[in-house]
Amino acid sequence: MSTIPKGSRPKHLTVGRIGLYCFIIMCALFFLMPLYVMIITSLKDMDEIRAANILNLPKELSFYAWPKAWSQACTGFVCEGLKPGFVNSVKITVPSVIVSVALSALNGYALAFWRFRGAYFFFGLCMFGAFIPYQVMVYPLLKIEDFLGIYSSLPGIILVHTIFGMPILTLIFRNFYASLPIDLFKAARIDGGNFIKIFFYVIIPMSTPITIVAVILQVTGIWNDFLLGLVFAGRDNQPMTVQLNNIVQVDYGVAEYNVDMSATILTSLVPLFVYFISGRWFVRGIAAGAIKG
Amino acid sequence: MPFYRNIAAKIALLPMIVISLTVFVGCIIYSFVYSLTNSKLVPVMNYVGFDQYERLFKQRKWDVAVENIFIYGFVFTIGCLIIGFLLAVLIDQKIRGESLFRTIFLYPYAMSFVVTGLVWKWVLNPTFGLENSMHMWGMTWFELDWLVNRDLAIYAVCIAAVWQGAGFVMVLMLAGLRGIDEDIWKSLSIEGVAKWKSYIFVILPMLRPMVVTAIVLIAAGVVKVYDLILALTSGGPGYATTTPAMYVMENFFSRANLGQAFAASIIMFISVVCILAPWAFYEFYLRNKYANN
């Protein structure tokens, strides 16, 4: 049995390897089952859902649920579907990602190349912030934003995402910049570059890979956020996740599971799309966030 | 070093410094100070000592919340580690379609907690869900009423959470497995050590840094668990699946009992510190000490 890793691929299937494949395929089916159920439920009509097995393919395709979830499903007295939530999520995610990534890149750059006394103390403090439960900070932060006059508004939620994204992003950028050859920086200094010039002409052009990782991390993180959107975005700017929860958890009327599942799929489309097209980068983001410097 | 030297870097890091001090440190102090008052709807400086904490520990609901977070923390952490490690080992066997399987095992991690909760709520639905499927296939003895069962509902939360988080552990472990020196595998196979024995007794101990990182990151996430439970069980049946995070949010935003919420959030914070402190001590102090010797 050729089971030494990094050897050549085994030519013959042995009993052990067939067992291995069976087991891994079963695991894969377990992981895929909820996605499968989600998709087929969204394509059934309610009569079939009530009568048939949840795992059966739909007898006839019904596309009733999708447009309803997108533009007619009700949250309380408003029946506009998920569309406003989608728009809000875009309005929250795009500026939040840009601001937090730009600020964190600048932080990482200053920490890696322009250390001053005390800089790492504050960086440690900032990293500590990554582990504080949101519940400890939510109310005081709400008071701060109230004082600044931006509570329950788009700038308010953008600021909150920037704050809570900063620790991990700063860490990622700092580690990346610290791994660049220091001679490069020294040469730029000798050529007369200052803080801003070196950042724009030397560092930013080299930052593409790490910026992609950071953007993926932030887009999925902010899109999937529920708690912060619920508290800080205000009624008019509620993100898609909050609206999804409101649509599904309505207390009155008949539950329409097909609409619920279409809404669920619609909400996860953006992160899933990012995940499927970015594959390796997504994995790198996880690794970068996990491995402390 | 005069203050104005390196002034650009200091200005660049000013936002991080201000945020670290006001949000991360300031909010904890604010929460602690007001946890010593009997604030109800609005924060008032009416000092009552540790009354709020005493009342907190007498609450049956808080007991349930703490018990749940221990069950959830234990099952979720162990579940993620075992399944994540197992999946990583399986994928490491030079199987065909490796990247396909990796994609399948990791995609839940890209989804929002709300989505995960809602999907599993539907799959575990006692009337139309998997239980019904099993009954339709003739297995009438099959029972899966976890969501409406007070004692088992928290385990339903654990299943959904493990489904979402196991892929993350798999990625970390796989990175570790790929970093293992080929010579180790060669010598193990020459010695004739069984494959599974080598994984458990030789390779796993070598992956200790990965395991520790995974545990710390998972544990820090455990305390925060909120949206998943809100979507899956809304804390019910009754308050059987409530957690400290939910207790805090409820007292902040629907019960107008700020003092209680502050006290509970401070307890949450202290427990996170208790989890992190030994790791941080090891990671940043002991390791540096040995590295310098």
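First, the ground rules. This is a predicted model, where local features need pLDDT of at least 70, side-chain atom pairs count only at pLDDT 80 or more, and totals for chains, interfaces and linings use all residues. Residues are numbered from 1 along each chain as its sequence is written, while chains are lettered from A and ligands numbered from 1 in the order in which they are written.

Start with chain B. It has 13 helices and zero strands. Helices here are DSSP runs of H or I with at least four residues, strands are runs of E with at least two, and both are numbered from the N terminus. The C-alpha atoms of chain B fill a box of roughly 70 × 70 × 35 Å along the principal axes. Of the 293 residues in chain B, 42% are buried. Buried means 20 or more other C-beta atoms within 10 Å of the residue's own, exposed means 12 or fewer, and partly exposed is in between, with C-beta atoms placed from the backbone.

Now the contact between the chains. Chain A puts in 79 residues and chain B 80. Two residues are in contact if their C-beta atoms, placed from the backbone, lie within 7 Å. On the chain A side, helix 13 (residues 257-290) gives the most, with 15 residues. That side of chain A divides into 56 nonpolar, 17 polar and six charged residues. Nonpolar covers Ala, Val, Leu, Ile, Met, Phe, Trp, Tyr, Cys and Pro; charged covers Asp, Glu, Lys and Arg; the others, Gly among them, are polar.

Zoom in on one helix pair. Which residues of helix 4 of chain A meet helix 1 of chain B? They are A:L103, A:L106, A:N107 and A:A110, and they meet B:A9, B:A12, B:L13, B:P15 and B:M16.

Last, the backbone. Most residues other than glycine have a negative phi. B:K94 is not a glycine, yet has a positive phi of about 55°. B:K94 sits in the loop between helix 3 (60-91) and helix 4 (98-106) of chain B. It counts as partly exposed because it has 16 C-beta neighbours inside 10 Å. B:A256 also has a positive phi, near 50°. Its place is the loop between helix 12 (244-253) and helix 13 (258-292) of chain B. With 13 C-beta neighbours inside 10 Å, B:A256 counts as partly exposed.
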